[in-house]
Amino acid sequence: MGHAYDNQWKEMSIKDFVLRRIVRLHPMVIMGAVLGLAAFILQGCTRWDGSEVTPSTILIGFILALFLIPSPSSTDLRGNTEMFSLNGPHWSLFFEYIGSWCYALLLHRLSDKKLTFWVISAAILLTANSIWINEGMIAYGWSSEPLNAWGGLLRLSFGYPAGLLIARIYRKCNPKALHLPILTLTGLALILLLSIPHLGKAGLFYQLFCVFIAFPLIIWCGARGRIAGTGKSLARFLGEISYPLYAIHYPLIYLYIYWIETDSSPFGNNGWSTPIALSAIAVSVAFICYKLYDEPLRKRLSSFLKKSKKQAEK
């Protein structure tokens, strides 16, 4: 965010910024809601406990999902208190919008010292909340329950400003490029970090280590990398589909859970066949969405906004 927008505030109003963020994020929010509804229908329109959901409740939940409005308990379609029960990960996009407002109104105006103080304070609050309130876990924010939603705000209050601070420090330090296979090394580092099994009570401290140290270091090293040839093409492809993949993958996971519970996978009973098939489908659908829907729609909307702004300035 800081890399893309920090240097544009002299020519960009808050309204311009908000509209740009809506254009960037919301097309895939809508697609994710549509695919989430399709997956829910394929599951038979039932909650995880087997109870049926009325058509009116499904319609209300779908409309709320289209506008990225958290669902109250009365429209909880799956019965596990998800903030967005048609597409669970949309909780983070909801907080992304809140973060964008905070960035536009306040964060981009803060000095480096004040931003550093903010990040350190948020890290302390996040750690304390994880230890004493959230039962030793940092994985909150996805539920509509008050304490869980509060935890989501804490995650946002650290992660968003921390990213801005890293971008500022990087610009000032301007470190030399690393002539190493950065794409491979950072990818392996992520795989290793995410492959650690559940560590019980010590798991929280491992999660905090990843959030406060390991992941920022990976971002820093990744920014210093210089990729060419096939690696550059692969990096561009992964960058293009990363957001569409995030926005659409979870409805497929819902289907996977449903097939496991009902022993009805269409990809056979082999333990690896369904995950491999769904992974291939997710990447394919994300690429199709990017090329045929997200990218062209964003270009049209951006062009429309530019024309509207020019007309308003005349």
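Begin by selecting helices H2 and H4 (residues 90-105): in this predicted model, the two pack at an angle of about 175°, and their axes lie 10 Å apart. H2 and H4 are therefore roughly antiparallel to each other, since an angle over 145 degrees counts as such.

Next, display the side chains at this contact. On the H2 side, select Ile 14, Phe 17, Val 18, Arg 21, Ile 22, Leu 25, His 26, Met 28, Val 29, Gly 32 and Ala 33. Their partners on H4 are His 90, Leu 93, Glu 96, Tyr 97, Ser 100, Trp 101, Tyr 103, Ala 104 and Leu 105. The residues of the H2 contact with H4 comprise 14 nonpolar, 4 polar and 2 charged.

Centre on Leu 25, where H2 bends by about 35°; a proline, Pro 27, follows within four residues. Leu 25 is also among the H2 residues that meet H4. Then move past the end of the helix to Gly 44, which follows H2 and has a positive phi, near 95°.

The protein averages 90, and 99% of the residues score at least 70. Among the elements, H2 has the highest mean pLDDT (96), whereas helix H1 (residues 2-5) has the lowest (80).

Proceed to helices H7 (residues 182-194) and H8 (residues 203-224), whose axes come within 10 Å and cross at roughly 175°. That crossing angle makes H7 roughly antiparallel to H8. From H7, select Ile 182, Thr 186, Ala 189, Leu 190, Leu 192, Leu 193 and Leu 194. These meet Tyr 206, Phe 209, Cys 210, Ala 214, Phe 215, Ile 218, Cys 221 and Gly 222 in H8. The residues of this contact divide into 13 nonpolar, 2 polar and no charged.

Finally, select Thr 127, which lies in helix H5 (residues 112-132). Which residues does Thr 127 contact, leaving aside neighbours within four places in sequence? They are Leu 208 and Phe 212.

Technical notes: Residues are numbered from 1 along each chain as its sequence is written. Side-chain values use heavy atoms; hydrogens and water are left out. Axes are lines fitted to C-alpha atoms, for helices over the stretch in contact, and angles run from 0 to 180 degrees between N-to-C directions. Angles under 35 degrees count as roughly parallel, over 145 as roughly antiparallel, 65 to 115 as roughly perpendicular and the rest as oblique. Contact means heavy atoms within 4.5 Å. Ala, Val, Leu, Ile, Met, Phe, Trp, Tyr, Cys and Pro count as nonpolar, Asp, Glu, Lys and Arg as charged, and the others, Gly among them, as polar. The bend at a residue is the angle between axes fitted to the seven residues ending there and the seven starting there. pLDDT is the predictor's confidence in each residue, from 0 to 100.
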